[in-house]
Amino acid sequence: MICSKSLTRVRRIASTPLLALALSLAVAGCASLTQDNPVPLAAPTQQDIADLKPSGTVTLTEVFVGGAGVGKGVLTFKGKKYPFKLAATVFGPGSVTKRQVSGEIYKLDDMSQFAGLWVEGTGPVGLETSGASELWLENKAGVIMHLVGQSEGVTLSLGKDEALIELSK
């Protein structure tokens, strides 16, 4: 289960405006089901990156409690490292989970395409428990992340989340 050190980090991050936005996303519920939403309706798959070369790499740690989550990560792009924060929602009853993942980012041509809203595919609908974790993310610019790693905890989800990524200052 999530250690108390992780929960302390959640409390520290919880005071940021990013969490307020995550909670707003949670209240909005299934906002991504409308065509006017800037977030893609479906998460990408292996087929979407089949012939693409990675633009860079990403490491990410995220913690979910209830329907909202926070996290931080590092994007490595064109030889430079860019730290970022994220706030996310779980579509479904919720979660008490910590994920540590890393992987590659595709179709990123410029840093201006990175920050913003992303759709996050977390797997099939249902109960996800500790073990291997695979995330597929895409934003309105068509940038795709494929991240793999480990998760601790339990999530009851509809297999899709939304995340807001903000570059750290």
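This is a predicted model: local features need pLDDT of at least 70, side-chain atom pairs count only at pLDDT 80 or more; totals for chains, interfaces and linings use all residues.
A residue is termed buried when its relative accessible area is under 20%, exposed when over 50%, and partly exposed in between (1.4 Å probe, protein chains only). Residues are numbered from 1 along each chain as its sequence is written, and side-chain values use heavy atoms, with hydrogens and water left out.

The secondary structure of the protein consists of 2 helices and 8 strands, where helices (H or I, at least four residues) and strands (E, at least two) are DSSP runs numbered from the N terminus. Along the sequence these elements follow the pattern α-α-β-β-β-β-β-β-β-β. Of the 169 residues, 44% count as buried. The accessible surface comes to about 8600 Å², and carbon and sulfur atoms contribute 58% of this area; accessible areas come from the Shrake-Rupley method with a 1.4 Å probe, and for residues only the protein chains shown count as cover. Among contacts (heavy atoms within 4.5 Å) with a separation of 6 or more, 72% involve residues 24 or more positions apart.

Strand E8 (residues 160–167) is mostly covered, with 6 of its 8 residues buried. Two strands are taken to pair if DSSP finds at least two bridges between them. Strand E8 pairs with E3 in the antiparallel sense over 7 bridges, and Glu 162 in E8 is the bridge partner of Thr 89. Strands E5 and E8 also run antiparallel, joined by 6 bridges; here Lys 160 of E8 is the bridge partner of Gly 121. In general, the side chains of a regular strand alternate between the two faces of the sheet.

Aromatic pairs were identified among rings of Phe, Tyr and Trp (its six-membered ring) with centres within 6.5 Å; planes under 30 degrees apart count as stacked, over 60 as edge-to-face and the rest as tilted. The count by this rule is 2 aromatic pairs. Phe 84 and Phe 114 form an edge-to-face pair, at 5.2 Å centre to centre and with 70° between the planes. Phe 84 belongs to strand E3 (residues 80–90) and Phe 114 to the loop between strand E4 (94–106) and strand E5 (116–121), so this pair ties together parts that are 30 residues apart in sequence. Phe 114 also forms an edge-to-face pair with Trp 118, at 5.9 Å centre to centre and with 65° between the planes. Phe 84 is buried at a relative accessible area of 2%, while Phe 114 is buried at 0% and Trp 118 likewise at 0%. Phe 84, Phe 114 and Trp 118 form one aromatic cluster.

Side chains of opposite charge can pair when their charged atoms come close. With a salt bridge defined as a side-chain nitrogen of Lys or Arg within 4 Å of a carboxyl oxygen of Asp or Glu, the structure holds 2 salt bridges. The side chains of Glu 62 and Arg 99 meet at 2.8 Å, N to O. Glu 62 lies in strand E1 (residues 54–66) and Arg 99 in strand E4, so the pair ties together parts that are 37 residues apart in sequence. The second salt bridge joins Arg 99 to Glu 120 at 3.4 Å, N to O. This pair links distant parts of the chain, from Arg 99 in strand E4 to Glu 120 in strand E5, 21 residues apart. Glu 62 and Arg 99 are buried, and Glu 120 is buried as well.
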